[in-house]
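Here's a quick briefing for anyone opening this structure for the first time. Have a look at the sequence and the model, then read on.

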Amino acid sequence: FLHLDEIRRLARVFSKLGVQKIRLTGGEPTVRKDFFEIIKIIKKNSGIKKTVITTNGYRLDKIAKNIKDSGLDGINISIDSLNPEIFKIITGHDRLPEILKGIKNLQELNFNNIKINAVLLKGINDSEKDFDQWSKFIKNNEIDFRYIELMQTGDNLEYFKKYHSSSKIFKNYLNENKWIYQTLGKDAGPSLNYINPKYKGKFGIIAPYSKDFCKTCNRLRITSRGDLRLCLFGNT
């Protein structure tokens with residue numbers, strides 16, 4: 001696996017080549033024992049302007065203060081449902097309460113840039129009831145929630161056919177409830193974001209099958225062993 005000096009060199013070089021933001025993802029990035037050291041070396045002297053992570057949030061209630069103290073610029077947390085039973089079915093774990101406690105801990109520490117991701121799954125979390133639940137959650141919470149449309153990979157064809165639900169159903173929900181499309185910033189990811197003046201949080205959609213989705217891609221990926229990949233689903 002990449003060691004700290006290699007990560008330090010990579011961050012510096014990418015910064016010189018114009019990269020402004022690094023996301024630590026996985027798997028689960030917080031399982032690395034040197035996780036906070038990695039954040040520190042990217043934040044210090046690399047020239048990278050933003051450092052963010054994607055996490056399953058299982059340890060969030062215990063490491064919230066460390067995250068705040070590390071200077072991390074943002075966090076994405078995977079929560080596929082606010083219904084504890086559905087959450088358990090999807091993940092195989094009954095850990096929703098501790099994840100939500102972790103989010104609350106971050107908010108109490110005034111950590112602001114919190115996003116939640118959920119994969120849209122047909123018959124599991126794609127009903128109007130689910131959408132209303134998330135709507136209620138972000139009304140008084142300064143949190144961005146985004147649905148990610150399920151993508152077909154080389155080994156999930158059967159799963160994809162069973163559970164794929166078009167992101168259009170969530171987009172229609174947003175339009176019907178008067179959410180306003182927000183234009184993208186320079187370092188924005190692939191999410192199409194929506195705002196509503198009555199809500200503290202935002203909604204977003206990551207729709208890989210929408211027109212020109214790949215055309216706007218501004219990302220590179222480095223695997224934990226140091227391979228460069230231009231695309232999540234590429235094999236080169």
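This is a predicted model: local features need pLDDT of at least 70, side-chain atom pairs count only at pLDDT 80 or more; totals for chains, interfaces and linings use all residues.

Residues are numbered from 1 along each chain as its sequence is written, and side-chain values use heavy atoms, with hydrogens and water left out.

**Salt bridges and cysteines**

- The structure holds six salt bridges, each being a side-chain nitrogen of Lys or Arg within 4 Å of a carboxyl oxygen of Asp or Glu.
- Side chains of opposite charge can pair when their charged atoms come close.
- One of the salt bridges links Lys62 to Asp61, at 3.8 Å from N to O.
- Another joins Asp5 and Arg8, with an N to O distance of 2.5 Å.
- Asp5 and Arg8 sit three residues apart in helix α1 (residues 4-16), so about one helical turn separates them; helices here are DSSP runs (H or I, at least four residues) and strands are too (E, at least two), numbered from the N terminus.
- Both ends of that pair are partly exposed: Asp5 has 44% relative accessibility and Arg8 has 28%.
- Arg32 and Asp34 form a salt bridge as well, their closest N and O atoms being 2.8 Å apart, and Arg32 is partly exposed at 29%.
- As for disulfides (pairs of cysteine sulfur atoms within 2.5 Å), the structure has zero.
- Cys217 is partly exposed at 45% relative accessibility, and Cys231 is partly exposed at 38%.

**The sheet**

- Eight strands make up an open sheet with mixed pairing, in the order β1-β2-β3-β4-β5-β8-β7-β6; two strands pair if DSSP finds at least two bridges between them.
- At the edges you'll find β1 (21-24) and β6 (180-182), each pairing on one side only.
- On average, neighbouring strands of this sheet are turned by 25 degrees against each other, direction ignored (axes are lines fitted to C-alpha atoms, for helices over the stretch in contact, and angles run from 0 to 180 degrees between N-to-C directions).
- Helix α8 (residues 168-176) packs on the sheet and touches β4, β5 (143-149), β7 (192-195) and β8 (202-206), where contact means heavy atoms within 4.5 Å.
- The direction of α8 makes about 150 degrees with that of β8.
- Strands of a sheet pair through backbone hydrogen bonds, either parallel or antiparallel.
- β3 (residues 74-78) and β4 (residues 114-120) run parallel, paired over four bridges, and Asn76 stands opposite Lys115 in β4.

**A closer look at β8**

- Is β8 enclosed or open to the outside? Four of its five residues are buried, so β8 is largely enclosed by the rest of the structure.
- On one pairing, β5 and β8 run parallel and are joined by five bridges, with Ile148 opposite Ile206 in β8.
- On another, β7 and β8 pair in the antiparallel sense over three bridges, and Tyr194 has Phe203 in β8 as its bridge partner.
- β7 and β8 form a hairpin, with six residues between them.

**A loop residue**

- Thr25 lies in the loop between β1 and α2 (35-43) and is partly exposed, at 48%.
- The C-alpha atoms of Thr25 and Thr55 are separated by 6.8 Å, while the two residues are 30 residues apart along the chain.

How values were computed. Buried means under 20% relative accessible area, exposed over 50%, partly exposed in between (1.4 Å probe, protein chains only).
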